[in-house]
Each structure stands twice: as structure tokens, then as C-alpha cells.
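Look over the sequence and the model first, then read on.

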Amino acid sequence: MKKLYLDETATTKVSAEIFNEMKKYYLEEYGNPSSMHEMGEKALKAINNAREKLAKEINAKPHEIIFTSGGTESDNLAIQGLAKAFPNKKKIIISAIEHAAVMEPCRFLKSQGYKIIKIGVDKTGVIKLDELEKELDNDNKNILLVSIMHVNNIFGTIQDIETIGKLCKKGGALFHTDAVQSFGKLEIDVRKMGISLLSASAHKIHGPKGIGFLYLREKIKIKPLIFGGGQENDLRSGTENVPGIMGFAKSLELKKKIQKEKIKELRNKLIEKLEKLEGKINGAKDEKRIYNNIHVSFPGINNETLVLFLSRKGIYVSAGSACDSKKEKEDYVLEALGLDEKERNGSIRITLNEEVNTKDIEFIVKEISLFLRRFKL
């Protein structure tokens, strides 16, 4: 039975080519980049080459790339690092659909006296720019930063980052974007888009888990969360994850070769068929949606039951977490989109990859249709 892994938003498979790239730095070139000897120098040169490649992807300078353990740490370093550097600025503006890696540090800072402003979204998941502009004009000297994610991790809506960047510049505010779901998939130019800080992660583009970066525009001051040997410009201490960094750079190189239009065509075909099964597509349905994402509701069904049914057929999709506490953290995003309880509880997320073909689409639809018929009976 063919396995159809359709949970690419959660994580992705590391390809053999990327694994072999990393293997070299585990078994042969395993020196510590801080060491003065030849092996240390080779490791340092390798990660600096990788830093250049990753920086080039977003039109950044190499020294503006700070390696971290992933998107969550990058988000926390951006938000809490700025809060430590500018303790008198107590206002943070975010969207109502941010990932928990942004929401939770903001929740913590709220308990410390910070004012957290959440900007709403329309029914397609696009943030209300007029609300943002109004907040930027209000008490703007007290704004620590604006943090708006580039692509939503649940329903795939793409924000107009360039316009947001211009609004932030006009309002004199620093702009951070969580680009974990867009880095390597969509075009990003941090200078053209007015981005001050940006978070990215390797394991969303077939790289290894445990490695990411924070883009920090030069001359912006933040304070570290982790102290030690002073690696990464004194902003993220700890011996660098050399194999992970090399795998990250390789994954970006390979991701550029993906046939996005082919995946998008299959995605649109699947959307059309799911709508014929009375599925409600959540989020944008046009160019404002990332090419491989589908978020669909079948109101009245139990999404966890559907996920388990499909799993037994070798089809792996997502319904969020079975853990109630985590599910609550995810539900706020769907509530912000305007979904009622039945729509939220009957929703699944499908994210396609380059291995999916037309026959697979037919199989997915057939099995979902079978489940819906049994559910109604």
C-alpha cells in the first residue's frame, strides 16, 4: 500500500541527498567551528558558506542571519530579545491568527504589563490593514514591534507582507514576520518588503529538525535569551549545529527545483472534488493561498475520526492535536476566521508534496467520500 504523507505543513521528509550532506559533517568534518585547528576552521568556513546561501534567498547580508534551533526559538528571540533591549516600549501588535510561537511569548509579556493588540482578519484570513494602520497611528512611540506571519500554518493564506512593511515603516515600528511556512517556497526580499526581523525553519522544506534562523536587520538591537560562549554575534550561545546548518542550506537548494505549478494544479483539482463532496474550503482560494495547502470543513463530522480512518488507508492528514489543551490553542485561529464549532470540529488540513499524482488525488477523494457516506449512515 502506497503511503500518502499529506501533512507537509507539520514537517517534511529529509531527502537522501540532504541526509548525505549532513552525514559528512557527523562522520568526517565534525570539528567545532570555534576551534582554531584545521577541522574547526573547515567547520566555520562551511557554516559561513551556508549562511551566505540562506541570506541570499531573502536579500539579506550574511551577518544578519542568526542560527537558532528552529522557528519557535527564532520567534521568541525576536519578541523577547526586543523586549529586553527596549524595556520602556510596552505595546506589541500581532494578528489574531499567529502561530503559538508568537502568541505564547506575547501572552507571557502581557502578564508582565505589556499591551498586546490583535489585528483581525477577513473571512479569507487576510488581515485587516485598516485596523493595523489605525493601531500604528495610535500611541506609536510605545510600539515595541509588529509581528504578522507571512503564511498561515493552518489554512495557508498569504499576507501582503510588502504593504504591511510599508505601513510599519510609515508608523516608525519594527516589523517581524514568522516566515516558517513561506521561506524557500515564496519570494521574500527583506529590504523591498521592509522586514526588520524574520523567522525561518529547515524542517518545513525537507531539511532536518532542530535548525532555523532569525534574520535580524543590521543595527537593530536585541538581547540574547541564551548565554554562554557568545556564538552567533553574542546573540545565541552554544556550539553551532553544523550538520543541521549544512542540511538547511542543501534543503533550500533542492526546494528551488520543486515544480510548484504542478502541485498547485493538483491542489486545485482536489479542492474542486472536495467541494463536490460538500466540503467547505477555509481561507483564500486564489493567489493568496500557498500552492500546496487545503483546509476543508465537513460540518457535523468528527475530524479526528476522519484522520484515523484515512490513516488506516495510508493517507496522512492533520486535524490539529488530540490533546485538548493544544486544540484550544489552535481553535483561536479558526475562530478568528469565523468558523463555528461544527466547522472547526469537522475540519482537516491537507498539504501536498511533489510525490503526489492525479491517481493519488482520486484515491484521496474516494476514501473521504466513503467515510462521509458511512458517517451519514
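Which residues have the most contacts inside the largest nonpolar core? They are Ile-58, Leu-198 and Phe-213, in a core of 53 residues. This is a predicted model: local features need pLDDT of at least 70, side-chain atom pairs count only at pLDDT 80 or more, and totals for chains, interfaces and linings use all residues. Residues are numbered from 1 along each chain as its sequence is written, and side-chain values use heavy atoms, leaving out hydrogens and water.

**Cores**
- A nonpolar core is a set of buried Ala, Val, Leu, Ile, Met, Phe, Trp, Tyr and Cys residues joined through side-chain atoms within 4.5 Å.
- Buried means under 20% relative accessible area, exposed over 50%, and partly exposed in between (1.4 Å probe, protein chains only).
- Ile-58 touches residues including Phe-183, Leu-198 and Phe-213, not counting residues up to four places away in sequence; contact means heavy atoms within 4.5 Å.
- Another core lies apart from the largest one. It has 35 residues, among them Ile-258 and Leu-274.

**Sheet and helices**
- Helices (H or I, at least four residues) and strands (E, at least two) are DSSP runs, numbered from the N terminus.
- Seven strands form an open sheet with mixed pairing, in the order β2-β8-β7-β6-β5-β3-β4. Two strands pair if DSSP finds at least two bridges between them.
- β2 (65-68) and β4 (115-119) are the edge strands; each has a single partner, so one side of each lacks a neighbour in the sheet.
- Strands β6 and β7 run parallel, joined by 3 bridges. Thr-177 has Leu-198 as its bridge partner in β7.
- Helix α2 (residues 38-57) packs on the sheet and touches β2 and β8. Its direction makes about 115° with that of β2; axes are lines fitted to C-alpha atoms, for helices over the stretch in contact, and angles run from 0 to 180 degrees between N-to-C directions.
- Helix α3 is mostly covered, with 13 of its 15 residues buried.

**Salt bridges**
- The whole structure holds 23 salt bridges. Each is a side-chain nitrogen of Lys or Arg within 4 Å of a carboxyl oxygen of Asp or Glu.
- Lys-91 and Glu-135 meet in one (3.2 Å, N to O). Lys-91 lies in strand β3 and Glu-135 in helix α5, so the pair ties together parts 44 residues apart in sequence.
- Lys-91 counts as buried, at 1% relative accessibility. Glu-135 is buried at 18%.
- Glu-17, Lys-250 and Glu-253 are linked in a network of salt bridges.
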